[in-house]
Amino acid sequence: MRDALKAGALLVVAAVALTGCGSGGGGGAAPAGGGAAGSFIFLPKSLDNPYWVDARKGMEDAAGKLGVKAEFLGPPKDDAAAQVAIFESALARQPLGIAVSPNDPGSVKDVISRARAAGIPVIAWDGPVPGSAVQGYIGTDNVAAGAREGEALAEAIGNKGNVAVVIGSLSAPNLKQRLDGLTSALAKHPDIKVVATEESGESVATAQNKAETILQANADLAGMAGIGGSDLPGIAGALKAGNRCGTVKAVGFDVVPQGIDGMQGGCVQALVSQKPFGMTADALKLLVDMHKGTSTQPNGFSIDTGVVVVKPADLNGFLGQAPH
């Protein structure tokens with residue numbers, strides 16, 4: 001399986017590697033043969049989502065304060081095979097520690113095991129890697145975050161009506177956990193019914209297409225929830241195109257430009273903000289402590305970095321705060 005993934009991703013990694021990255025944290029894979037030795041490596045799912053911009057900034061801020069070198073290496077778009085190949089390349093250069101947010105948890109387990117066998121600290125960051133050799137997880141408690149989203153949706157629709165869900169992938173553990181939290185929260189309201197759940201493949205365009213199809217099939221729809229970072233922008237686009245902003249309430253994850261625009265335009269009633277800046281800064285501190293042998297975290301630790309629910313009345317104040 002690993003060989004197939006590597007073969008399918010070589011060209012992608014070669015293209016990404018041409019972008020290089022600076023010693024304080026870059027936006028692409030470092031050239032083979034240099035850069036990662038003496039570095040802490042962060043492996044995001046992709047580089048094209050604004051969420052990862054704030055995560056990278058958190059890493060860079062912490063690296064400066066800690067006096068260490070850190071790199072942010074990911075494929076241009078969500079791509080499990082490309083991520084594995086970047087992971088392999090980084091591992092070959094013997095980094096001081098690795099944090100990974102997997103596109104496909106199963107695809108990175110073998111590389112994680114080899115990194116740990118080589119004595120390199122590895123943590124799951126932002127997204128879990130169940131059944132792997134990671135030493136712990138730092139990021140959002142996605143079940144709890146999904147429940148917060150469900151509560152926000154119920155409030156927005158007055159605790160009754162038909163709702164629909166658009167989710168990036170039903171196989172991604174963090175997104176599935178959010179969905180479980182959402183549906184559990186909605187189940188507490190007997191007058192709310194989930195009438196459709198569609199996958200977007202983490203594509204805004206696909207999310208919008210799926211949302212438009214749902215809207216056409218459900219004239220009485222009261223609300224929609226986006227689970228992944230690309231889902232709410234797609235939902236907001238569908239509502240705007242169908243002139244149903246405000247009539248159909250929408251909630252989703254992450255305070256990113258498209259979500260902000262949707263809220264300012266009356267198409268979005270709640271944004272569940274994770275804390276990518278602080279999450280990544282704290283993850284780097286953990287890796288540094290692990291490398292030094294001073295970490296007090298037990299094996300298998302789980303650190304919830306929390307979420308904030310942002311509503312229209314809160315938006316300006318939230319945007320004026322320091323990075324989260």
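**Salt bridges in a predicted model**

The side chains of Lys-65 and Asp-61 form a salt bridge, with N and O 3.1 Å apart (a salt bridge is a side-chain nitrogen of Lys or Arg within 4 Å of a carboxyl oxygen of Asp or Glu). This is a predicted model, in which local features need pLDDT of at least 70 and side-chain atom pairs count only at pLDDT 80 or more, while totals for chains, interfaces and linings use all residues. Residues are numbered from 1 along each chain as its sequence is written, and side-chain values use heavy atoms, leaving out hydrogens and water.

**Exercise 1.** State where Lys-65 and Asp-61 lie.

*Solution.* Step 1: both residues lie in helix H2, 4 residues apart, about one turn of the helix (helices, H or I, have at least four residues and strands, E, at least two; they are DSSP runs numbered from the N terminus). Step 2: Lys-65 is exposed, at 67% relative accessible area, and Asp-61 is partly exposed, at 31% (buried is under 20%, exposed over 50%, partly exposed in between, with a 1.4 Å probe and protein chains only).

**Exercise 2.** Which parts of the chain does the salt bridge of Lys-311 and Glu-155 tie together?

*Solution.* Step 1: the side chains of Lys-311 and Glu-155 meet at 2.9 Å, N to O. Step 2: Lys-311 is in the loop between strand E12 (308-310) and helix H11 (315-319), and Glu-155 is in helix H5 (residues 142-156), so the bridge ties parts 156 residues apart in sequence. Step 3: Lys-311 is partly exposed at 28%, whereas Glu-155 is exposed at 54%.
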